[in-house]
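I opened the model to look up how the copies meet. My entries follow.

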There are 2 protein chains.
Amino acid sequence: MAQGPFERLQTMLAEDMAAVNHLIATRMASRHAPRIPEVTAHLVEAGGKRLRPMLTLAAANLFGYGGTDHHLIAATVEFIHTATLLHDDVVDESDQRRGRPTANLLWDNKSSVLVGDYLFSRSFQLMVETGNLRVLDILANASAVIAEGEVLQLSAAQDLATTQAVYLQVIRGKTAALFSAACEVGGVIAGASDVQTNALFAYGDALGVAFQIVDDLLDYGGASASLGKNTGDDFRERKLTLPVILAVEKANAPERKFWERVIEKGEQAEGDLERAMQIMATHDTLTQTRKQALAWVAQAKAALDPLPDNDLKTALADIADFVVSRVV
Amino acid sequence: MAQGPFERLQTMLAEDMAAVNHLIATRMASRHAPRIPEVTAHLVEAGGKRLRPMLTLAAANLFGYGGTDHHLIAATVEFIHTATLLHDDVVDESDQRRGRPTANLLWDNKSSVLVGDYLFSRSFQLMVETGNLRVLDILANASAVIAEGEVLQLSAAQDLATTQAVYLQVIRGKTAALFSAACEVGGVIAGASDVQTNALFAYGDALGVAFQIVDDLLDYGGASASLGKNTGDDFRERKLTLPVILAVEKANAPERKFWERVIEKGEQAEGDLERAMQIMATHDTLTQTRKQALAWVAQAKAALDPLPDNDLKTALADIADFVVSRVV
């Protein structure tokens, strides 16, 4: 059977990813506090695609980078991601992540907060080791933008006045900022030109936005709108994601009353998720959400234009298609 | 009336602290998420002594530093401190900080976690602006040691087997690591020699340990053992601090049973805090705790020896006395 785009990229980066995985395993250790590697291992070993560190490696290798600093940076990126997952699960009061119980459920919120802080600090130690101030600048900025996006999401939740513009701001922060930084620093460490690092940033930004839109669409069962056991979380958490924002925009009076009750007041009863799905079907918002994701994918691929033509560039373009293929 | 040691240091650093306070106010802003400055202002405006940034400024000025990077570093140090306070209050489920309701109570745990993350990222942005890799290295390491100390405290809590050595490890991490780093980076930015920056580290480390021992002693009313409305928190949270560790070391059989019930099992009833105070009085553990704090103060002052003799060196020695004067 032919490999999919994700597996092809994995194969191309296999040697580098082995080095990154070794770094991750070594640096998540703690001499004094055994709770740290326990919590981290639970999350790290559960898998996750490690897409973000792969983007860093691909971006560096695309320019024939011959050093090893991209391993440090890729591990940095994964640590930042893992730290935000630990804190997200506390904030969202989640009980499932990657098909396993979350750390906040297995241990407690305290451990998730503090181990997240530890990983975040470790990520800064790793990037400082590169001695590259531009890399440090980009990743420190990305961290601030991520946290800002998360806080913005907090105040936008349950607020029916949330516009598509605010939604875009939120997902650019909480998701796309790390994608774009991961790509950009790969180019920076490899000595790419400004035009090229800007192209990598733009690719990562559009890819990250598409990725999050698809995630939010999948929470309503994807474009096929088939609800399963992993769907409806955003509805229950009263999050204003694109499928709902589009439906609120077009709501008639009774629909508006419905959204006010279930999202703003949080009074949800049996059958409300199904009613929400019906309203979204009426206004075709899942299809429109998917169209927006596809537009971002096209933008991501177009952004790659200034980069040298090679297998890795093709692989990055294919990854953009892959991200949205989950909801085709 | 003569100024106390703290006010004298404040006067000596007034101009620099004005610049630091301006940086803090500017950098805690957020264009997109107004919740961030709200939460931060609540904590920052509540005061707090800003002892840590003052240590950085004093250490730099002690060598006649003429630049402005010490302002960036001092603001970094205060941001790291503020971020850990926000997360600590979530972890400890506190409802009071600096005489005001905590942010987790006024807003929610989510806001405290995420705004803490934001300030932590902002602190890294500030330090990257100095472009000094040694400063970045020291502060990134300190952040990891702080988080490690907090996690260690989590697993040591409620565990009667916690030794004085583990306690020292915890407070070296959660408190002293930022004191020592704050002092060391001041010297580094001013171009001090290795002997001198090591001396600054040792001073900050001993000062931080003394500071935390005094804090833990004050939670039992200080050496005079007078309980007030701000005492007994550690007892209720079942934390193994030095006064209790010393009492557990010397416990007879019925006392041991008492500690097992109130600390390990957490079964606390009316009168138990008073009983704990009685037991500690029997074994004189509050006096012994104070003696240990005084020994660390002496060590802090001795560490200053290799530094150039001037008013700031005298002020740092006086600050060490001041820290423990709260429980004389």
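I compared the two sides of the interface. 100% of the interface residues of chain B are also interface residues in chain A, so the copies meet through the same surface. I took two residues as in contact if their C-beta atoms, placed from the backbone, lie within 7 Å.

The model is predicted: local features need pLDDT of at least 70, side-chain atom pairs count only at pLDDT 80 or more, and totals for chains, interfaces and linings use all residues. Residues are numbered from 1 along each chain as its sequence is written, while chains are lettered from A and ligands numbered from 1 in the order in which they are written.

I looked up the contact totals next. In chain B, 37 residues are in contact with 37 residues of chain A. On chain B, helix 3 (35-44), helix 5 (69-91), helix 7 (109-130) and helix 8 (133-156) each give at least two residues to the side that touches chain A. Helix 8 of chain B gives the largest share, 14 residues. Helices here are DSSP runs (H or I, at least four residues), numbered from the N terminus.
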